[in-house]
Amino acid sequence: MPKVFGFYKIRARTRLTLTALVTLIILVSGALYVQAYNKNKPVYEVPTEKKMAALTFDISWGNKTPMPVIEILKEADVTCTFFLSGPWVKENPEVVQRIKKDGHELASHGYRHINYSTLSKSEIKEEVMKAHKNINEVAGVNANLIRTPNGDYNDHVIEAIHEINYEAIQWSVDSLDWMNPGTATIIERVKKKVHPGAIILMHASDTCKQTTDALPAVIKNLKEQGYELVTVSTLLKEIPPENN
């Protein structure tokens, strides 16, 4: 009997050990989930049922593409958000001022076109504020939105950006115009992938050879689908208060 009792005692202890182990795994998994869920993230889109979308353009270099893009937007009576690199702003002040005059939103694309995840927090802040200063000096605007160069980020990048009262903006619809895949491809991608609350990525740098050809049809299709095209800041106002 002592042996039998000992067997049951051991088995009971094993059950307790297994129960404790499972509980620990659940707790650790839950903690990891919460940690992953709460990681700093940029804004990719806005949760809304309204047919609203933000058309956005990155500009890093060149002076041939921006003005045709601006004229197309004016003709279509559309306002959007331009993410501008700091050096480009200083080199093209008249274009920047025209963007502002037409009612578009001025935002930052940083200073140097490098991956911010390779930088320290202080270096990231310096990059953002150098671009901020250029935009302010040229257009008299205090930008507070940034699309990081190459869309690159990690937790400490977003933390640094938030610490200087900026918001990081990504995209949920990539037109792929930066790849010059063909006008039809750009048009179809935006048409098929747009959704309420979407942030659409396009470019107005000279390296993007097909943007101006595709843009009129992109806008036409979005309007035909019933989308209101707004700036990113206007779209962000649709975020429920509990999610801010």
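**Close-up 1. Helices α5 and α6 in a predicted model.** In this predicted model, the axes of helix α5 (residues 121–139) and helix α6 (residues 155–163) come within 9 Å and cross at roughly 50 degrees, where axes are lines fitted to C-alpha atoms over the stretch in contact and angles run from 0 to 180 degrees between N-to-C directions. That angle makes α5 oblique to α6, since angles under 35 degrees count as roughly parallel, over 145 as roughly antiparallel, 65 to 115 as roughly perpendicular and the rest as oblique. On the α5 side, Lys-121, Ile-124 and Lys-125 meet His-156, Val-157, Glu-159, Ala-160, Ile-161 and Glu-163 of α6, contact meaning heavy atoms within 4.5 Å. By class, this contact has 4 nonpolar, 1 polar and 4 charged residues.

**Close-up 2. Helices α2 and α4.** Helix α2 (residues 66–76) packs against helix α4 (residues 93–101) at an angle of about 15 degrees, and their axes are 11 Å apart, which makes α2 roughly parallel to α4. Pro-66, Met-67, Ile-70, Glu-71 and Lys-74 of α2 meet Val-95, Arg-98 and Ile-99 of α4, and the residues of this contact divide into 5 nonpolar, no polar and 3 charged.

**Close-up 3. The second largest pocket.** About 280 Å³ of space lies in the second largest pocket, a pocket being an open set of points on a 1 Å grid where a 1.4 Å probe fits, with protein on both sides within 12 Å along at least five of seven lines. Of the 18 residues that line this pocket, Asp-58, His-113, Asn-150, Trp-178 and His-203 lie nearest its centre; lining residues have an atom within 4 Å of a point. Strands β1 (52–59) and β7 (198–203) each supply at least two residues of the lining, which divides into 6 nonpolar, 9 polar and 3 charged residues.

**Notes.** Residues are numbered from 1 along each chain as its sequence is written, and side-chain values use heavy atoms, with hydrogens and water left out. Local features need pLDDT of at least 70 and side-chain atom pairs count only at pLDDT 80 or more, whereas totals for chains, interfaces and linings use all residues.

Key:
Points joined across faces, edges and corners; volume = space filled by probe spheres on them. Helix = DSSP H or I, 4+ residues; strand = E, 2+ residues; numbered from the N terminus. Nonpolar A, V, L, I, M, F, W, Y, C, P; charged D, E, K, R; others polar.
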